[in-house]
Amino acid sequence: MRFRDELWRAMDGIYRQILRHPFLEGLTDGSLPREAFRHYVMQEAHFLPDYARALAACAARAPHPQAVHRFAADSARTVEVEHSLVVELLAAFGLDEVEALKSPAAPTTVGYASYLVRTCSLGTFAEALGAIVPCYWIYARVGEKLLAESSPDPLYAWWIETYGGEDYQDTVAGVLDLLDDLSLSAEERERLLERAVTTARFEWMFWDAAWRQESWPCG
Ligand SMILES: Cc1ncc(CN)c(N)n1
């Protein structure tokens, strides 16, 4: 069995919970309240710079040049593609990025982004991979699944096409090949899987936070 299959098996139950979440069901049937999607996009504006930092930390710590190149390129790609999508979606809500960033990052965003940056900067390379790979892979699997259904809402269809589209799918295929080519000890694999489950949980929580339009409960 390829290591990627073992990794997916560890996350599959959470992935299924993600697909059943009303936020994602609402994306495809168009019933998702625009306010919840707006909240999601604003949280992405906060999250993506830290995601790019976490990828850059993976590049800095990668054990061979191909891996350095892959994560450095993906860090730049995040800025170019995902961040540009967020800027355009914000514009569709009549917001610019500076304005959006004035409203605070929600608790889940702070927790998830901090977890990624910390694990990718301070953990072993295997732990860093465990934290970062599900970020790519869950979005690719969600995008692929949702693309088959699309959405009657053009804004939601646009989001789905980005993550279900060929470019994003190819990016993720590249990182999974890299993962399978690494020779990791049993202990490194164990640590990687543990971090991956935490990331998968945060992915569910990120959508749930947008659905609830999460804010700080005090202050
Ligand atoms: C919260 C979150 N997780 C993952 C991705 C996909 N890179 C994203 N854009 N946002």
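In this predicted model, the lining of the second largest cavity divides into seven nonpolar, no polar and two charged residues. Two or more lining residues come from each of H3, helix H4 (65-92) and helix H8 (154-164). H4 contributes the most to this lining, with four residues.

The count of cavities of 30 Å³ or more comes to two. The largest cavity holds about 110 Å³ of space. Its lining consists of Glu44, Phe47, Leu48, Tyr51, Glu82, Tyr112, Cys135, Tyr139, Tyr163, Tyr168, Glu203 and Phe206. H3, H7 and H10 each give two or more residues to that lining, and H3 gives the most, with four. By class, the lining of the largest cavity has nine nonpolar, no polar and three charged residues.

The largest cavity is the space taken by the ligand. Around the ligand, the elements supplying two or more residues to the shell are helix H3 (34-61), helix H7 (125-149) and helix H10 (186-212).

A polar side-chain atom of Glu44 lies 2.7 Å from a nitrogen atom of the ligand. An N or O atom in the side chain of Tyr139 is 3.2 Å from a ligand nitrogen atom, and for the side chain of Glu203 the corresponding distance is 2.7 Å. Taken alone, the ligand exposes 290 Å², of which the protein buries 100%.

Conventions
Residues numbered from 1 in each chain as written. Predicted model: local features only at pLDDT ≥ 70, side-chain atom pairs only at ≥ 80, totals over all residues. Heavy atoms only, no water. Polar contact = N/O pair within 3.5 Å; in protein donor to acceptor, adjacent residues only side chain to side chain. Areas by Shrake-Rupley, 256 points an atom, 1.4 Å probe, with all protein chains shown as cover. 1 Å grid on protein atoms, 1.4 Å probe; cavity = no way out; pocket = protein on both sides within 12 Å on 5 of 7 lines; lining within 4 Å. Sits in = over half its atoms within 2 Å of the grid points. Points joined across faces, edges and corners; volume = space filled by probe spheres on them. Nonpolar A, V, L, I, M, F, W, Y, C, P; charged D, E, K, R; others polar.
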